[in-house]
Amino acid sequence: MTRIARRDNLRPMTVLEVNALSHRYGNATVVEMPAWSVAAGEPWLLLGASGSGKTTLLHCLAGILAPTQGSVKVGGTDLATLHGSALDRFRGRHIGLLPQRLHLIDCLSVLDNLLLAQYAAGLPRDAAAARGALEALGLAGRAHERPHRLSFGQQQRVALARALINRPTLVLADEPTSNLDDGNCAAALDLLLDQAGRSGAALVIATHDQRVKGRIERRVELTGGMAVPA
Amino acid sequence: MNLFTLALAYLRSRLLASVLQVLLLAIGLAAIVVMLLVSTQLADRVERDTRGIDLVVGAKGSPLQLVLSSVFHVDSPTGNIPYAEAMKLSRHPLVKKAIPLALGDTWRGYRIVGTEHALVEHYGASLASGKLWSGEMQAVVGAEAARAGGAGGGPIKLGDTIIGSHGLVDGGAAHDEHPYEVVGILAPTGGVIDRLVLVSVETVWDVHPLPPGAAAAAAAGPPAAAGAAPTPAPKAAAAPARDDGHGHAGHSHARPAAKAGAKPHAHAHAHDHPHDDAPAASRPGGDAAGPGGSAKPAPGRELTALLIQYSSPMAAAQLPRLVNSATAMQAASPAAESVRLNRLVGVGVETLRVFAWVLLVAAGLALFISLYGALSERSRDLAMLRVLGARRGSLLLLLLLEGLLLCAAGGAIGLLAGHALTEWLGRSVPALSQWALTGWTLAPGEGWLVALALLIGAFASMLPAVLAYRTDIAKVLARG
Ligand SMILES: Nc1ncnc2c1ncn2[C@@H]1O[C@H](COP(=O)(O)OP(=O)(O)OP(=O)(O)O)[C@@H](O)[C@H]1O
Ligand SMILES: [Mg+2]
């Protein structure tokens, strides 16, 4: 027991494990991934052209979409074994999703958007933590504003704060830089890596943005639906 | 942050639509509440005020008007009836109880009724203070009239004097020279007597002196001049015999006319009472008032109506026919006229009911359309909620909650508005104020209205809620 534990301490824990996964819409196989494993705190790139199935794969990893075949394990739990509200709860507590169109709740203030993430995951509302997160992202003064009054970059930071507020072990970001200019692209990527690193979460960034490629070594490429380690 | 605050936030985000839905529902419910309150209170009043009165006998005219004026005290009387004939009828074997009414004046909108102690007994009223009238110009004031009518706005007290104004509508000439002394105040009964000021029949006769013709006849005929009692008293309570001459003491304007009875025509002008809006008990009625008088005993003395209770069920078949065919008077059945009244009011109530239901259906539809229409625009929010960990059931609940919150608000506002409106109608609409409507009471069935409002909310939000429950989050999020 002790020996095994020591070994686990030496090697970073596996947060995401994908096995023989494939997803089909109708007869068309959109995405296939033989095997993939992501350790805690590791940043990964999920590369592929538009329509190559990046979003589909991310949804499978997040338990939003049940893959046609294969398994996804997050923190050792096979998502296929979770059903209904158990899967929703699990996702809310362990997986942070940064969608391409941020999907902030516009009728709520920035702060309430973070509190909503805590509430939806069934966690106690911790306003101090939420304010702390906003402060860390330079949004302290905007806590009570509606998201649509913020700039896109600011909104993205709110969405990032929301994805991280419940300290997930896995963070999935879908095209986080596609709407940003070069300067903001670098800044957003820095922020993403920094924040995920601080919370010790594994990070998967799906993108076809060439500007991102130089920053992260670990990468999977989706070519014609087939995932190959790049 | 929870489902409740989230639902409120969504309602706030489409404030105009929310307010409109609440208003639609509130107006519909308020209309139903007013309808319930008014119809139950009217039915109550009709039931209570007609209890024990089998027949009303008064002057010929509309039977409904006769019942309205002498049982509910809301309409003008049909005219007057000769006192002698009324007394004759009251001694009929089929009559168990006959209570005379002499109307003509009001005090601050409350009717002054010349009657007998039997009326107080009939309505089951008891004295809150003081005593019943025993002499002339003594008044016993009903509870509601007493509450409202004191000098300076306070309640009236024993020993106060009140001055009637002529006629049954406000604004008549004041009988300044005839102050009544308040000798008794009645305890509230909830019935019509609460709104009456009771005096003796003789007092009404005093205040409304005989017109010259009748007075002349009275003065000329030996028996009347001698102050003979007009007729024996009715059965229920003795109507004290009156000295006609005495009745005119203090009537400076009427006295000369009575004295100079030889030339009746000349004195018609001397009588300066403006008898224009409503009959007063002593006004000439038909034949009895013609100059030169008639040969009847106690000519000129008149009543407005007689409230009659039968002594046997047989009376219902015989007495009305007898009165209507064999006398110049008219008999009307409060029960039958109430049915007619209900039918008349029923048309209005029915219209209001249809209107209210149309509004309620419209409110439900508007709510449904609003929730359903907003659904596609909200599907991303709903999907994001699921991504954040919310269960399907929470989405269902969220939409139901929005519908229910709106309808609860509409229901609460509707009920309050319905009561406020009824109270306002009761106070401000003259035709209704006489019915003593109040908003400070619950109508039976109001509890169901709350349930109905919530049911509308539940129904209208059911389909959108189920659709929210079934949101395919992957599809919605992939669509962006
Ligand atoms: N619900 C669906 N039903 C059928 N086909 C779908 C569905 N969702 C996606 N697809 C198809 O699957 C393929 C992959 O789509 P996906 O959105 O995963 O690509 P992507 O790599 O994220 O593209 P992009 O870079 O443009 O976001 C596309 O060809 C798309 O048309
Ligand atoms: Mg995509």
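This is a predicted model: local features need pLDDT of at least 70, side-chain atom pairs count only at pLDDT 80 or more; totals for chains, interfaces and linings use all residues.
Local features are given only at pLDDT of at least 70 and side-chain atom pairs only at pLDDT 80 or more, while totals for chains, interfaces and linings use all residues. Residues are numbered from 1 along each chain as its sequence is written, chains are lettered from A in the order in which they are written, and side-chain values use heavy atoms, with hydrogens and water left out.

## Chain A

Chain A holds 7 helices and 10 strands, where helices (H or I, at least four residues) and strands (E, at least two) are DSSP runs numbered from the N terminus. Its C-alpha atoms fill a box of roughly 45 × 45 × 35 Å along the principal axes. Buried residues make up 50% of the 230 residues in chain A, where buried means under 20% relative accessible area, exposed over 50%, and partly exposed in between (1.4 Å probe, protein chains only). Of the contacts in chain A with a separation of 6 or more, 70% come from residues 24 or more positions apart, a contact being heavy atoms within 4.5 Å.

## Where the chains meet

The contact between the two chains takes 27 residues from chain A and 23 residues from chain B. About 2,300 Å² is buried between chain A and chain B, and carbon and sulfur atoms give 68% of that area; buried area here is the accessible area (1.4 Å probe) that two parts lose on being put together, summed over both. On the side of chain A, Asp88(A), His103(A) and Cys107(A) lose the most area to chain B, together 23% of what that side buries.

Between chain A and chain B the count is 1 salt bridge, defined as a side-chain nitrogen of Lys or Arg within 4 Å of a carboxyl oxygen of Asp or Glu. Asp88(A) forms a salt bridge with Arg386(B), with 3.2 Å between the closest N and O atoms. Helices α2 (54-61), α3 (84-94) and α4 (110-120) of chain A each supply at least two residues of the side that touches chain B, and α4(A) gives the most, with 6 residues. The residues of that side divide into 14 nonpolar, 5 polar and 8 charged; Ala, Val, Leu, Ile, Met, Phe, Trp, Tyr, Cys and Pro count as nonpolar, Asp, Glu, Lys and Arg as charged, and the others, Gly among them, as polar.

## Salt bridges within the chains

Side chains of opposite charge can pair when their charged atoms come close. Over all chains the count comes to 17 salt bridges, and the table lists some of them.

| Pair | Closest N and O atoms |
|---|---|
| Arg215(A) and Asp190(A) | 2.3 Å |
| Glu350(B) and Arg353(B) | 3.3 Å |
| Arg427(B) and Glu423(B) | 2.8 Å |

Arg215(A) forms a salt bridge with Asp190(A), and this pair links distant parts of the chain, 25 residues apart, with Arg215(A) in the loop between β8 (202-207) and β9 (219-223) and Asp190(A) in helix α7 (residues 182-199) of chain A. Arg215(A) is partly exposed at 36% relative accessibility, and Asp190(A) is partly exposed at 37%.

Glu350(B) and Arg353(B) are 3 residues apart in helix α13 (residues 334-387) of chain B, so about one helical turn separates them. Arg427(B) and Glu423(B) both lie in helix α14 of chain B, 4 residues apart; Arg427(B) is exposed at 61% relative accessibility, whereas Glu423(B) is buried, with a relative accessible area of 13%.

## Buried residues of chain B

Helix α4 (residues 83-90) of chain B is largely enclosed by the rest of the structure, because 7 of its 8 residues are buried.

Glu402(B) lies in helix α14 (residues 392-428) of chain B and is buried, with a relative accessible area of 0%. The C-alpha atoms of Glu402(B) and Ala7(B) are separated by 5.3 Å, although these residues are 395 residues apart along the chain. Leaving aside neighbours within four places in sequence, the contacts of Glu402(B) include Ala7(B), Arg14(B) and Leu371(B).

Ser461(B), in helix α16 (residues 446-469) of chain B, is buried as well, with a relative accessible area of 0%. Beyond its neighbours within four places in sequence, Ser461(B) is in contact with Leu371(B), Leu399(B), Leu400(B) and Gly403(B).
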